[in-house]
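Here is a short briefing on one protein chain. Look over the sequence and the structure first, then read on.

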Amino acid sequence: MKLFTGSQIKEQDTYTIEHEPIKAIDLMERAAKAITHAITERWDQRKKVVVFAGPGNNGGDALAVARMLSEQGYTTNCYLFNIHDKLSDECAANKLRLLDQKRVNNFTEITVNFDPPVLDENTLIVDGIFGVGLNKPLAGGFASLVKYINQSKATVVSIDIPSGLMAEDNTYNVKANIIKADLTLTIGQKKLSMMLADNQPYFGELKILDIRLSKEYTERTDSRYNIIEASDIRPLLRKRNEFAHKGQMGNALIVAGCYGMAGAGVLATKACLRTGAGRVTARIPKRNYNIMQISVPEATLRIDTEETCFANPINSEDFDALGIGPGLGTQENTAIAMISQIRSSQCPIVIDADALNILSNHRAWMQQLPKGIIMTPHPKELDRLTGNVSNGCYERLTKTQELANRLQAYIILKGHYSVLCTPDGKAFFNSTGNAGMATAGSGDVLTGILTALCARGYSQQEACLLGMYLHGLAGDIAAREKGMESLIASDIIDNLPLAFKELTL
């Protein structure tokens with residue numbers, strides 16, 4: 001699914017109007033019907049409805065919804081903010097339709113002063129003040145209105161996007177001046193800001209309404225941002241040859257787990273095996289031998305000369321992929337061995353956790369990373385890699401895209417919506433996963449999954465897309481059985497077989 005920018009959303013509306021063809025006012029009517037239906041499905045006429053409409057097309061939607069709700073017997077009070085005496089054409093047309101209908105309980109057009117209505121727990125607010133066209137923080141009277149709404153006990157439904165929130169970049173927005181909706185009814189598709197963690201308090205429940213915007217525009221228009229879904233992933237899956245043997249299914253090397261962190265190596269190695277790698281070798285310090293031999297008997301072990309850490313790289317010529325970093329430790333001899341291992345390896349490489357922390361302490365080494373390397377930082381690791389703390393999720397996403405381009409790397413920024421940033425500047429948000437996966441070891445599992453997919457011959461981009469989706473899907477399956485509170489990293493591994501099965505149904 002493509003995520004369009006605010007300007008592309010406007011273009012899609014215009015394209016739909018010109019090529020369906022349909023009048024702009026009729027397209028607005030279609031949207032208002034979908035919004036009204038979503039509202040009447042949830043709340044009956046016992047709710048007192050207060051509609052706040054702005055001067056643009058978002059306000060036009062709200063006025064049309066006020067008319068439709070009043071036609072269905074809802075007590076509806078409507079406030080149109082027209083402080084600059086300038087309404088969009090469709091907003092002005094819907095104002096006249098509302099007045100001609102004469103069923104709305106009360107209509108007030110605000111041009112100067114505003115006496116706010118009482119908003120109690122029995123009030124349903126329809127927020128149509130500003131939409132995706134907003135490009136600066138709210139101030140003055142509109143900011144005061146937002147604060148008044150947010151401090152009330154009323155239920156708030158926002159049309160398309162909560163007023164005050166911008167469609168993409170909210171880095172320097174004023175958080176207090178953004179509507180906190182209980183339900184957001186967004187038109188056509190999600191907006192980029194809806195995928196970013198620091199904006200989640202404003203949406204409440206999010207529902208997408210299909211108003212039949214042009215599919216032709218969607219198909220022919222390139223988007224920098226995308227959401228990956230099952231329909232995108234299924235075509236990537238390779239069918240296993242019935243006559244395949246382990247030598248044809250990929251030979252993976254996992255370098256992970258210093259003494260005291262053996263579990264990271266266990267999880268990454270198990271995940272690599274469960275993702276279908278034909279052979280997996282784990283490079284471990286001496287003291288982790290018994291733990292690994294008992295925990296993962298299917299793996300081959302290559303023992304370091306050091307007792308407690310990785311200190312000596314090994315020849316990786318025979319391996320099809322390398323995963324390095326989970327629980328590795330950051331001592332200097334390990335750091336030197338890590339960069340030496342990466343430089344000498346010609347196969348696809350996945351780096352995570354302490355390997356990323358080492359690079360943060362030796363940022364000059366990043367210039368030695370091979371093109372096509374896969375990096376899987378969480379937000380704090382990304383900030384350390386870039387050298388400064390990001391001011392919000394949008395800025396961090398932008399920095400990730402810039403780093404992926406500069407290094408020609410594939411970077412998965414982990415989170416509720418993990419996002420893959422590719423060397424060509426695109427970003428792919430994952431649609432699977434849940435809050436139960438916020439647990440130690442979850443990232444180690446992802447490293448093992450990605451390493452296995454690379455070893456099996458998937459390209460780096462294919463491995464990242466498929467790996468993110470499988471990882472989240474296995475976590476979702478685990479959460480269905482165990483609940484999010486009790487989910488641990490090994491549950492994700494245990495449910496990888498079911499995730500593969502669900503994708504191949």
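How many helices and strands does the secondary structure of the protein chain come to? The count is 17 helices and 18 strands. Keep in mind that this is a predicted model.

**The whole chain**
- The protein chain has 505 residues, and 58% of them are buried.
- Its C-alpha atoms fill a box of roughly 85 × 45 × 40 Å along the principal axes.
- Take the contacts with a separation of 6 or more: 73% of them join residues 24 or more positions apart.

**Surface and charge**
- The chain exposes about 21,600 Å². Carbon and sulfur atoms supply 48% of that area.
- There are 53 positive and 55 negative side chains. The centres of the two sets lie 2 Å apart.

**A helix pair**
- Helix α8 covers residues 262–274, and helix α14 covers residues 442–455.
- The two pack at an angle of about 35 degrees, with their axes 7 Å apart.
- The crossing of α8 and α14 is right-handed.
- On the α8 side, the residues that meet α14 include Ala264, Leu267 and Ala271. On the α14 side, Val445, Gly448 and Ala452 are among those that meet α8.

**Methionine 484**
- Methionine 484 sits in the loop between α15 (460–482) and α16 (489–494).
- Beyond its neighbours within four places in sequence, methionine 484 is in contact with Asn434, Ala435, Gly436 and Ala479.
- Threonine 305 is 179 residues away along the chain, and the two C-alpha atoms are separated by 40 Å.

Terms used. Residues are numbered from 1 along each chain as its sequence is written. This is a predicted model: local features need pLDDT of at least 70, side-chain atom pairs count only at pLDDT 80 or more; totals for chains, interfaces and linings use all residues. Side-chain values use heavy atoms; hydrogens and water are left out. Helices (H or I, at least four residues) and strands (E, at least two) are DSSP runs, numbered from the N terminus. Buried means under 20% relative accessible area, exposed over 50%, partly exposed in between (1.4 Å probe, protein chains only). Contact means heavy atoms within 4.5 Å. Accessible areas come from the Shrake-Rupley method with a 1.4 Å probe; for residues, only the protein chains shown count as cover. Lys and Arg count as positive and Asp and Glu as negative; His and the chain ends are not counted. The place of a charge is taken as NZ of Lys, CZ of Arg, CG of Asp or CD of Glu. Axes are lines fitted to C-alpha atoms, for helices over the stretch in contact, and angles run from 0 to 180 degrees between N-to-C directions. A crossing is left-handed if the near helix is turned anticlockwise from the far one by less than a right angle, and right-handed if clockwise.
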